[in-house]
Amino acid sequence: MHASVEAVAATATPEVVPGRSLWSDARRRFFRNKLAVLGLIIVVGLVLVAIFAPYIAPYDPLEQLAWEDFSKSLAPPSWEHPFGTDLYGRDIFSRVIYGTRISLSIALMAAVVTTAIGITLGALAGYFGGWVDSFITWLINVVWSFPFLLFVLAIITIFPEASLTIIFIAIGVVSWPDIARMTRGQFLAARENEYVEAAKAIGASDFIIIFRHILPNIIAPMLVQATLAMGSYIQLEASLSFLGFGVPPPTPSWGRMASEGQNYLFSGQWWWSIMPGIAIMVTVLGFNLLGDGLRDALDVRQQTDG
Amino acid sequence: MAVQLEERPQAQTEAPLLEVRNLVKHFPITRGIIFSKQVGAVKAVDGVSFTLNRGETLGLVGESGCGKSTTGRLILRLIEPTSGEVYFEGRDVLAMKRDELRALRREMQIIFQDPYASLNPRMTVADIIGEPLEIHGLVKNRKERDDRVRQLLEVVGLSSYHLRRYPHEFSGGQRQRIGIARALAVNPKMIVADEPVSALDVSIQSQVINLLQDLQEEYGLAYLFIAHDLAVVKHIAHRVAVMYLGKLVELAPKKELYNNPQHPYTQALLSAVPIPDPTIKRERIILAGDVPSPSRPPSGCRFHTRCPVAEEICKQVDPPVVEVSPGHKVACHLVKPGQPGPRLIKNPTGVPAGEPGDQKAS
């Protein structure tokens, strides 16, 4: 802040200097964080695995090899079956590969459902306040006061047969209050910013204020929240499948595999249960690392030059 | 200033540009979430009246929390007043519907205190300054908008190549210039300047003040200039209003106020203005205690709890506004027209009378 800098006037070069947006700064910070990049690699890798599952998996995940060759039942990890086989002779490696599709699609769709409901209700509550805020806050508290897992189970059992759609809708319906509460708080804070007042003063409509002035400034914490939440949705899907309320068999689901395999855990056939368990762990870790990395990169308070 | 903003014929009418009568804002204090009830009110602004003429600067001065910023926002209807009247060119601002209000935004603008908080960090300078142009349909396309933004940048002393930069790439003073350009974009008649320099370095303050003065001369702008001390206002204001706990205590032409302050609070404020000359010794009026809470303002004259010359009547009765000389209004029981008012110390300004620092900021 020097007077000389201030005085740089119309005499300077006529060309337009491109500015550095906050996003480009954040990108640079993100890629300097090794753990964040590891998280990104894991998540991107998993997405690729899910997309190209048929090309990666050596066997059909549903094919029960034990009917033809009994030695294929509960076979330990080998070159032929890297993760071993289960009681029916299904290749666990192939099942884990295909399970990525289930876990990721549930995580993604549940995140879409929760953020859609959460951001809409949170934005309405935070921006308009008054009775709208009172009502939505009340709704958040009501949904929150239910035991989380029981509520999800209750919704799933309403339907005769569990499917992917029902599961992520159930997860979404129950977990939107987190996002809504956060959005509301962000809106309450952002609404007080002088640039929002300035927008009002120049005659901007509520629509412009919400979508141009508030949302772009709070999207970063929402993105972090959604990423971290995806990790917990994967855990939740695994828990549901483990309890027998998840995607119906024989669809390969990590949670169900872990559940089925646990009886053989102590009789020595650990791979049936442990291999999908490791997959869950790595996936959740990947999302958490990515989320933390995004938080560090996007947090304006931690901004440094360079 | 090579660039001309749109020419506007100056209507030389006697009627003031802005008239504020008995403006009141009570912020309710509520308890409970669903069944909330009002348990009190913060009387931020409690019956403020003044006028502002075309091309004039009215300084509005007071301690933090006295309601001066709220007053500015009430006039622009950024906050809805509890009661009172605001007329802009004879039109009732508080009765305006959405569309009329939007049209009014072209004529009244605001500059904010904090140059870091008042610019959207995700928007480029061109988007920030161009937004009012787009909202009010003053430009047809992006190119026209950018051309106009370039002009505005030059008007406020920035270079047009800053167009695609983001606010965080500028210094505080430069950001404040961007804020001023945004306010100027719609070619307003009046600007509420809400402590526009108090967040800036002292060296930058005078530059911004001088810019505001130049703009006023060039475009005939009227300013409601809000400040928390009398030093800044001294350079720019034509008239000064002093506010204490939601009420105006004194309003006078600048020279009159600085040479002949009547209200004890004004005298105390003046005695606190630093003089850039260590050889001058003077008395200071040190006010005892803090500003009382505006949710429970004192009875009678609100200043009586801290006033060194308060009398019994001050605790009971709210003092009426009296005009001690043309244009000099005071709300104090001890001030009576034609008689010398209370004098806390001989010379509160510390400067020999008759020289109320008319020099430009240096």
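**Notebook: cores, sheet and helices**

Entry 1. I looked up Leu215(B) and, setting aside neighbours within four places in sequence, found contacts with Val155(B), Ile180(B), Leu184(B), Gly220(B), Leu221(B) and Tyr223(B). I note here that the model is predicted.

Entry 2. I then asked which nonpolar core Leu215(B) belongs to. Leu215(B) is listed among the residues with the most contacts inside the largest nonpolar core, which has 64 residues. Ile180(B), Leu184(B), Phe225(B), Leu230(B) and Val240(B) share that listing. The greatest contribution to this core comes from helix α6 of chain B, residues 202-219, which gives 7 residues. I also recorded a second, separate core of 59 residues, with Leu46(A), Ile92(A), Val143(A) and Leu240(A) among its members.

Entry 3. I turned to the sheet in chain B. Its 4 strands run in the order β2-β1-β4-β5, the sheet is open, and the pairing is antiparallel. I identified β2 (37-52) and β5 (91-92) of chain B as the edge strands, each pairing on one side only. Val24(B) has Ser83(B), in β4(B), as its bridge partner. As a general point, the strands of a sheet pair through backbone hydrogen bonds, either parallel or antiparallel.

Entry 4. I checked what lies across this sheet. Helix α1 of chain B, residues 68-75, lies across β1, β2 and β4 of chain B, and runs at about 110° to β1(B).

Entry 5. I examined helix α10 of chain A, residues 206-242. A straight helix of 37 residues would span 54 Å at 1.5 Å a residue, but α10(A) spans only 46 Å between its end C-alpha atoms. Where does α10(A) bend? I located a bend of about 55° at Leu215(A), with a proline, Pro216(A), following within four residues. Just after α10(A), I noted that Gly244(A) takes a positive phi of about 90°.

Entry 6. I looked up Ser273(A), which lies in helix α12 of chain A, residues 271-298. Is Ser273(A) buried or exposed? Ser273(A) counts as buried because its relative accessibility is 10%, and the cut-off for buried is under 20%. Not counting residues up to four places away in sequence, Ser273(A) touches Met257(A), Ala258(A), Gly261(A), Gln262(A) and Leu265(A). I also took the separation between Ser273(A) and Val113(A): 160 residues in sequence, and 30 Å in space from C-alpha to C-alpha.

Notes:
Residues are numbered from 1 along each chain as its sequence is written. Chains are lettered from A and ligands numbered from 1 in the order in which they are written. This is a predicted model: local features need pLDDT of at least 70, side-chain atom pairs count only at pLDDT 80 or more; totals for chains, interfaces and linings use all residues. Side-chain values use heavy atoms; hydrogens and water are left out. Two strands pair if DSSP finds at least two bridges between them. Helices (H or I, at least four residues) and strands (E, at least two) are DSSP runs, numbered from the N terminus. Contact means heavy atoms within 4.5 Å. Axes are lines fitted to C-alpha atoms, for helices over the stretch in contact, and angles run from 0 to 180 degrees between N-to-C directions. The expected span of a helix is 1.5 Å times one less than its number of residues. The bend at a residue is the angle between axes fitted to the seven residues ending there and the seven starting there. A nonpolar core is a set of buried Ala, Val, Leu, Ile, Met, Phe, Trp, Tyr and Cys residues joined through side-chain atoms within 4.5 Å. Buried means under 20% relative accessible area, exposed over 50%, partly exposed in between (1.4 Å probe, protein chains only).
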